[in-house]
Amino acid sequence: MNKIKNLFKKTIGPKLYNKFISVVINLLGVKTLTLNTFEDAKLFYKHSMVFKQNTYNKIESKIVLHYHAIEKGFLHKNFRYRFGEDRVRDLIKLLSLDVIRQNSKKSQIASAYLAICKYYEKHESENVDISDFYKLEDYKLFKKMVTLNMTVIKDWESGSYFNAVHRDFKDFSRSRKSVRNFKEDKVSLDTIEKVIELAKNAPSVCNRQPTKVYYLENKDKIDRILNIQGGLTGYTKEINQMFVVVADRNYFYSIGERNQLYIDGGLFIMNLLYALHYYKVAACPAHWGHPIEKDKEILEVIPLLESEKVLCIIPIGFPADSFKTTLSLRRENDEILKIV
Ligand SMILES: Cc1cc2nc3c(=O)[nH]c(=O)nc-3n(C[C@H](O)[C@H](O)[C@H](O)COP(=O)(O)O)c2cc1C
């Protein structure tokens, strides 16, 4: 083998030989990347809830999507009666399934029974008829399943929202919420610099720090991005400042790291949210779980590099004088901690 290699090298010359070897290595890399990406896609196809809803976890995931939308509907200052009719119809169907009723004590199912009952009660108390899509007998059935004694939203005064930010980590962490209602006054650039300084303490793979933050306060640009993102409908008017968090692909050196940008970026985003909270700036992370076309659309608004992947947008600002946050009940430990 070595003989053939040496003969080949001698024939084409060492410079061309080295180029040839690097092309071969790159081609093998492209093959591995393609196979790995294909395997990622295959597993996503099989196990996400995009294509099938054939397992308990997938059904639960859909239920969470629906009940969270109901919770969010309760946040608005002007309650929109009959909102989310199609979701509610679907949720009624899902919450009536035997497999779901048998798991009524699981945190997310319990939360969904609570939300669907609060939805009914809100309309009943205001004499708004919803019987065309949500019948009394369904409500009665769900009411029997409710195990949580709480509300689906929490009311805040901006004065008290930051009470725990200088207490111990337990209180600090528990007190951060996604806030979607902001005052007109702007957070100063000086504070934003301090926030970024603190957020940078986030760890990253080999300290490569691939995460970058674009800061916007141009309302037109913000509105265009919010419009592309689409997940904050109903709250956009009050959003006057925003981060767009991206990760730069230049910093990843192996095919095994093809998804590392989301890990490093996610760690940074959490630290950024805590840094904002520490400096008494309210925020709501908003997803960028979009097909690649949306990454192209955002390029028309801000000059991202081709190497940069948008991970998340984060509207920020001082919280409104009074506002509401969702219950967003967390899972029980035994639903997530697996001791092996
Ligand atoms: C990656 C990510 C994307 C999110 N996207 C949205 C969004 O598009 N719209 C929205 O209103 N909230 C969004 N949220 C906020 C979640 O609804 C919120 O974090 C969750 O319900 C937990 O509530 P909490 O942040 O108040 O603890 C997002 C949160 C994360 C972490």
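**Exercise 1.** Decide whether Phe79 is buried or exposed.

Solution. Phe79 has a relative accessible area of 14%. Buried means under 20%, exposed over 50%, and partly exposed in between, with a 1.4 Å probe and protein chains only. Phe79 is therefore buried. Tyr81, at 32%, is partly exposed.

The model is predicted: local features need pLDDT of at least 70, side-chain atom pairs count only at pLDDT 80 or more, and totals for chains, interfaces and linings use all residues. Residues are numbered from 1 along each chain as its sequence is written, and side-chain values use heavy atoms, leaving out hydrogens and water.

**Exercise 2.** Count the aromatic pairs, then classify the pair Phe79 and Tyr81.

Solution. Rings of Phe, Tyr and Trp (its six-membered ring) pair if their centres lie within 6.5 Å; planes under 30 degrees apart are stacked, over 60 edge-to-face, and the rest tilted. The count comes to 23 aromatic pairs. The ring centres of Phe79 and Tyr81 are 5.0 Å apart and their planes stand at 70 degrees, so this pair is edge-to-face.

**Exercise 3.** Classify the pair Tyr119 and Tyr134.

Solution. The centres are 6.4 Å apart and the planes at 20 degrees, so the pair of Tyr119 and Tyr134 is stacked. Both Tyr119 and Tyr134 are buried. Ring pairs link them into a cluster with other residues, including Phe79, Tyr81 and Phe142.

**Exercise 4.** Which ring face does Lys122 lie over?

Solution. A charge sits over a ring if NZ of Lys or CZ of Arg is within 6 Å of the ring centre and within 35 degrees of the ring normal. Lys122 lies over the face of Phe79, at 5.0 Å from the ring centre.
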